Amino acid sequence: LRCRAAPLPRACHGWQASVKSGSLSCFLPCHRLPVQLMSQVRVYTSSGQKKGLGSEDTKGSIPEETLHKAGAGQDKTNAGQRQSVLEEPIQVKVKAVLKKREYGPKYTKNNFITGVRAINEFCLKSSDLDQLRKIKRRSPHDDTETFTVYLRSDVEAKSLEVWGSPEALARERKRRKEAEIKYREKLFRNQRLLWEYKEFFGNTAPRSSAAAMFFKGPGKVVMVAICINGLNFFFKLLAWVYTGSASMFSEAIHSLADTCNQALLALGISQSARTPDPSHPYGFTNMRYIASLISGVGIFMMGAGLSWYHGIIGLLNPHPIESLLWAYCILAGSLVSEGATLLVAINEIRRSARAKGLSFYQYVVQSHDPSTNVVLLEDAAAVLSVAIAATCMGLTSLTGNPYYDSVGSLGVGTLLGSVSAFLIYTNTEALLGRSIQPERLQRLTELLESDAVVRAIHDVKATDLGMSKVRFKAEVDFDGRVVTRSYLEKQDIEQLLQEIQQVKNLEELEAFMLKHGENIIDTLGAEVDRLEKDLKQRNPDVRHVDLEIL
């Protein structure tokens with residue numbers, strides 16, 4: 001809308017208000033206003049085209065000379081003469097906007113609640129829920145497609161109907177909580193009595209799955225190592241008592257440390273087989289890494305520390321060594337037994353690494369199986385320490401100098417310290433939650449991006465939970481058009497068209513949009529479930545998938 005006004009020859013009496021918007025300039029109202037307006041009005045229709053109104057052509061504008069001439073002509077006209085201004089209709093396009101709603105507690109009471117929560121939180125019975133409205137919703141679990149929920153407002157009203165008042169409901173909740181505490185105390189006492197009964201009369205229950213783990217895989221390797229290292233400790237201890245050799249004492253302490261650490265590994269394996277509970281929803285698989293970490297610390301304190309201590313004492317206070325014949329025989333037997341355990345551990349790691357498509361070195365460094373890694377490194381260190389001890393004892397027997405034997409004890413302690421440092425580092429990295437290999441992460445990313453419903457993914461994280469379990473998280477930008485088409489493909493288009501034609505006012509339009517908008521959101525949730533299920537099926541290592549809608 002454009003209006004140009006000529007300058008006023010004299011002041012106007014009465015009130016006048018100046019209004020300016022863009023190129024609009026006029027004074028309203030004034031009974032002595034000798035103004036001749038030449039206007040051009042442009043109306044924008046819904047199709048985006050311009051329509052000119054008045055005396056101007058839509059393709060052009062009023063030249064500046066014409067406007068000046070029109071302003072000069074006003075001085076020649078008589079003050080009493082007034083030229084009527086051509087009034088043209090002005091078309092205004094009004095945008096209809098729905099009134100913003102305020103969603104308060106009254107609205108949120110219409111949230112859905114499951115039957116279990118309704119019974120537990122509002123102290124109701126299952127028969128009380130039969131009278132309420134039932135709504136079928138999409139299930140977030142893989143084992144069920146739909147499940148029944150109730151309106152929270154209906155449940156609250158039913159609870160007040162059953163208990164009479166909020167105070168009575170609160171008293172019932174308090175009473176049930178106290179009863180639950182007493183039940184847990186009784187359950188704990190009964191479990192304690194049952195355990196004492198089993199200890200006294202013997203446990204005749206069939207072998208559990210946790211016990212079966214020690215007859216295959218890493219459990220088998222650990223049990224073989226415990227038996228062999230226990231025998232080695234016993235015979236090495238007898239040899240040290242007979243000879244008094246510092247190297248033989250280090251070997252005995254080394255075998256004792258290995259036996260204790262591998263018993264700790266067996267405890268970690270049995271604890272990792274426990275099923276997840278509400279306090280530990282992701283399970284107890286990290287118990288293997290915790291046991292391996294403590295094992296590394298134990299090797300450092302018991303094995304390396306005592307070996308260094310005994311070697312330093314031997315250097316400060318040397319004493320002659322008795323006959324070493326029995327010591328050599330026991331070292332030879334220890335070498336054979338430790339070598340056999342080492343071969344068992346190597347074969348197990350090769351088999352597991354081949355199954356995962358990794359090299360032997362990558363499997364050990366990345367600590368995919370901490371229990372087997374500990375056995376491998378401990379037995380490798382045992383074989384090397386036997387060689388060191390035998391060499392130093394041989395030099396002592398040839399030269400008669402006991403310092404060689406003490407140096408061998410220091411060498412064994414240094415070897416054990418290096419193994420413990422490596423175990424502490426690898427298991428700490430695993431417990432901190434490291435990422436999976438970039439190649440595997442790229443495959444998971446490409447699998448998501450290849451789906452038609454996904455426009456882009458951001459902030460991708462894949463954490464190795466240990467023991468071939470991966471947690472995958474990503475923020476997904478979904479294509480709304482594909483999701484909407486997926487919803488429309490399941491609808492009767494003819495019926496949908498009839499619903500659209502029946503819309504006559506804003507209220508009906510709002511009801512139509514809310515109905516189908518909620519259904520489209522449910523369709524989006526179903527697409528998220530489909531993507532998560534597809535990721536788990538194609539990648540068995542991925543146990544937990546968290547896709548966030550961007």
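Isoleucine 549 in strand β11 is the bridge partner of valine 476. Strand β10 (residues 470-478) and β11 are joined by 7 bridges and run parallel to each other. The structure is a predicted model, in which local features need pLDDT of at least 70 and side-chain atom pairs count only at pLDDT 80 or more, while totals for chains, interfaces and linings use all residues. Residues are numbered from 1 along each chain as its sequence is written, and side-chain values use heavy atoms, with hydrogens and water left out.

**The sheet with mixed pairing**

β10 and β11 belong to an open sheet of 3 strands, in the order β9-β10-β11, whose pairing is mixed. Its edge strands, each pairing on one side only, are β9 (454-464) and β11 (542-549). From one strand to the next, the twist of this sheet averages 20 degrees. Two strands pair if DSSP finds at least two bridges between them, and the elements themselves are DSSP runs, numbered from the N terminus, with helices (H or I) of at least four residues and strands (E) of at least two. Helix α15 (residues 438-449) lies across β9, β10 and β11.

**The antiparallel sheet**

A further open sheet of 3 strands has the order β6-β8-β7, and its pairing is antiparallel. Here the edge strands are β6 (112-114) and β7 (135-138), each of which pairs on one side only, and the twist averages 55 degrees from one strand to the next. β7 is joined by 4 bridges to strand β8 (residues 146-151), and the two run antiparallel. Within this pair, isoleucine 135 has valine 149 of β8 as its bridge partner. Helix α3 packs on this sheet and touches β6 and β8. Helix α5 also packs on the sheet, touching β6 and β8.

| Helix | Residues | Strand | Angle |
|---|---|---|---|
| α15 | residues 438-449 | β9 | about 150 degrees |
| α3 | residues 115-122 | β6 | about 85 degrees |
| α5 | residues 152-163 | β8 | about 55 degrees |

**A pair of helices**

The axes of helix α10 (residues 287-316) and helix α14 (residues 403-432) come within 7 Å and cross at roughly 160 degrees, and these two helices are therefore roughly antiparallel to each other, a label used for angles over 145 degrees. The residues of their contact (heavy atoms within 4.5 Å) divide into 19 nonpolar, 15 polar and no charged; Ala, Val, Leu, Ile, Met, Phe, Trp, Tyr, Cys and Pro count as nonpolar, Asp, Glu, Lys and Arg as charged, and the others, Gly among them, as polar.

**Two buried residues**

Phenylalanine 284 lies in the loop between α9 (246-272) and α10. With a relative accessible area of 9%, phenylalanine 284 is buried, a word that means under 20% relative accessible area with a 1.4 Å probe and protein chains only. From C-alpha to C-alpha, phenylalanine 284 is 7.0 Å from alanine 273, although the two are 11 residues apart in sequence.

Glutamine 262 is found in helix α9, and at 0% relative accessibility glutamine 262 counts as buried. Leaving aside neighbours within four places in sequence, glutamine 262 is in contact with residues including Val222, Asn229, Val375 and Asp379.

Definitions and conventions:
Axes are lines fitted to C-alpha atoms, for helices over the stretch in contact, and angles run from 0 to 180 degrees between N-to-C directions. Angles under 35 degrees count as roughly parallel, over 145 as roughly antiparallel, 65 to 115 as roughly perpendicular and the rest as oblique. Buried means under 20% relative accessible area, exposed over 50%, partly exposed in between (1.4 Å probe, protein chains only).
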